[in-house]
Amino acid sequence: MDKPVYLAPDTNNTLVNRLLAPFFPRYRVLMELEREPLHMRGPLRNLILSHDKRFLFLRNQKCACTQTTQLLYAYGNLGETYPGNVHRADKGIYAARYRWPDIRPVFEAHMAYLFTFVRHPETRAHSAFRNFFVDQKNIARHKHMGPMKAHGYDPARGEDYNFDVFLDYVAHTFEIDRLRTDSHWRLQVDNVAWKDIRFDAVGRVESYEADIRRIFAEGGAPDFPPAHLLAERHNVSGAARTAVTPAQRARIETLYAPDYEAFGY
């Protein structure tokens with residue numbers, strides 16, 4: 001198949017990053033993570049550490065990562081959530097994209113309660129599709145619009161048709177390089193380095209409220225989060241207008257078989 005796809009770079013050791021690294025933490029972290037194995041760089045850069053270094057969260061895209069990062073921010077900021085894009089916050093939490101040197105010793109010594117969230121592959125795939133190509137809310141959507149159009153994407157033809165196109169695009173990307181697939185629809189076992197990282201807890205989006213309460217309780221904060229914070233919703237995709245067809249479900253089960261197996265869906 002000669003249609004284009006967008007792949008994440010396989011190295012950040014570029015001239016621009018080397019020049020900017022002495023001045024900006026974001027670029028310095030990219031260079032520091034070059035020392036890690038390729039399959040670990042994404043997961044490590046997605047770590048979020050609470051202000052008191054008690055909780056360490058690995059963001060798994062399209063699995064309540066915005067919701068959970070906001071809760072971690074509120075945990076260290078008197079119950080107040082971040083007013084903007086919490087994934088750009090550089091105070092109140094330690095985000096590995098800026099503070100990997102602070103997180104690294106905590107991670108390597110397993111000093112914090114380490115957790116992540118997973119989601120049913122079918123609903124996660126559909127959520128990613130809607131976020132990028134229906135609601136078009138994701139700031140990185142421009143990277144995929146051209147390649148998706150080359151695969152047949154046409155907003156005028158409706159969600160059912162375009163979700164088939166999306167699954168074609170996912171399959172094509174997996175064929176070329178599964179690890180460099182966009183993390184919003186990459187396999188969850190790859191996003192969380194399932195074979196390499198030992199978690200204290202793996203919550204499920206489907207039972208989010210109960211699981212996040214259990215995680216904070218087991219990590220030493222049994223009174224957090226309060227009900228009003230759990231009631232807030234962040235970065236929620238719009239409801240699907242059409243159900244996943246049996247053929248689409250079968251394709252998802254094939255594409256995401258490692259996730260079904262690893263997480264018991």
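**Entry 1**

I began with Gln-136, which I found in the loop between α6 (121-134) and α7 (142-150); helices here are DSSP runs of H or I with at least four residues, strands are runs of E with at least two, and both are numbered from the N terminus. I noted that the model is a predicted one, in which local features need pLDDT of at least 70 and side-chain atom pairs count only at pLDDT 80 or more, while totals for chains, interfaces and linings use all residues. I also noted that residues are numbered from 1 along each chain as its sequence is written, and that side-chain values use heavy atoms, with hydrogens and water left out.

Gln-136 has a positive phi of about 55°, although it is not a glycine. With a relative accessible area of 33%, Gln-136 is partly exposed, a class that lies between buried (under 20%) and exposed (over 50%), using a 1.4 Å probe and protein chains only.

I then followed the chain into α7, where the buried residues are His-144, Met-145, Pro-147 and Met-148. I wanted to know what the buried residues of α7 pack against. They pack against α6 and α8, where contact means heavy atoms within 4.5 Å. After α7 comes Gly-152, which has a positive phi near 115°.

I looked up Ala-64 next, in the loop between β2 and α4 (65-75). Its phi is near 60°, a positive value in a residue other than glycine. Ala-64 counts as partly exposed, because its relative accessibility is 21%.

Further along, I found a cis peptide bond joining Phe-224 and Pro-225, with omega about 0°. Pro-225 belongs to the loop between α10 (208-218) and α11 (227-231).

**Entry 1: helix α3 and its cover**

Which residues of α3 are buried? In this helix (residues 38-45) they are Met-40, Arg-41, Pro-43 and Leu-44. As a reminder to myself, an α-helix has 3.6 residues a turn, so residues three or four places apart point the same way. The cover over the buried residues of α3 includes α2 (25-33), β1 (47-50), β2 (55-58), α5 (96-108) and α9 (188-191).

**Entry 2: the cores**

I looked for nonpolar cores, each being a set of buried Ala, Val, Leu, Ile, Met, Phe, Trp, Tyr and Cys residues joined through side-chain atoms within 4.5 Å. The largest has 49 residues, and Leu-47, Phe-166 and Tyr-256 touch the most other members. Helix α8 (residues 158-177) gives the most to this core, namely eight residues. There is also a second, separate core of 27 residues, and among its members are Leu-72, Ile-93, Ala-201 and Ala-221.

For Tyr-256 I listed the contacts, leaving aside neighbours within four places in sequence: Pro-121, Arg-124, Ala-125, Val-170, Phe-174, Trp-185, Arg-186 and Leu-187.

Is Thr-69 buried or exposed? Thr-69, which lies in helix α4, is buried, since its relative accessible area is 0%. Not counting residues up to four places away in sequence, Thr-69 touches Ile-48, Phe-57, Arg-59, Val-86, His-87 and Ile-93.

Thr-173 is in helix α8 and is buried, with a relative accessible area of 1%. With the residues up to four places away in sequence again not counted, Thr-173 touches Val-5, Tyr-6, Leu-7, Arg-178 and Thr-181.

Lys-195, in the loop between α9 and β5 (201-204), counts as exposed because its relative accessibility is 83%. Lys-195 and Ala-262 are 67 residues apart in sequence, and I found their C-alpha atoms 9.9 Å apart in space.

**Entry 3: the whole chain**

Finally I looked at the protein chain as a whole, which has 13 helices and five strands. Its radius of gyration is 19 Å, close to the 18 Å that the globule rule gives for 265 residues, so the chain is as compact as a globular protein of that length; the radius is taken over C-alpha atoms, and the rule is 2.2 Å times the number of residues to the power 0.38. The C-alpha atoms fill a box of roughly 50 × 45 × 35 Å, taken along the principal axes. Of the 265 residues, 49% count as buried. I also noted that, among contacts between residues at least 6 apart in sequence, 67% join residues at least 24 apart.
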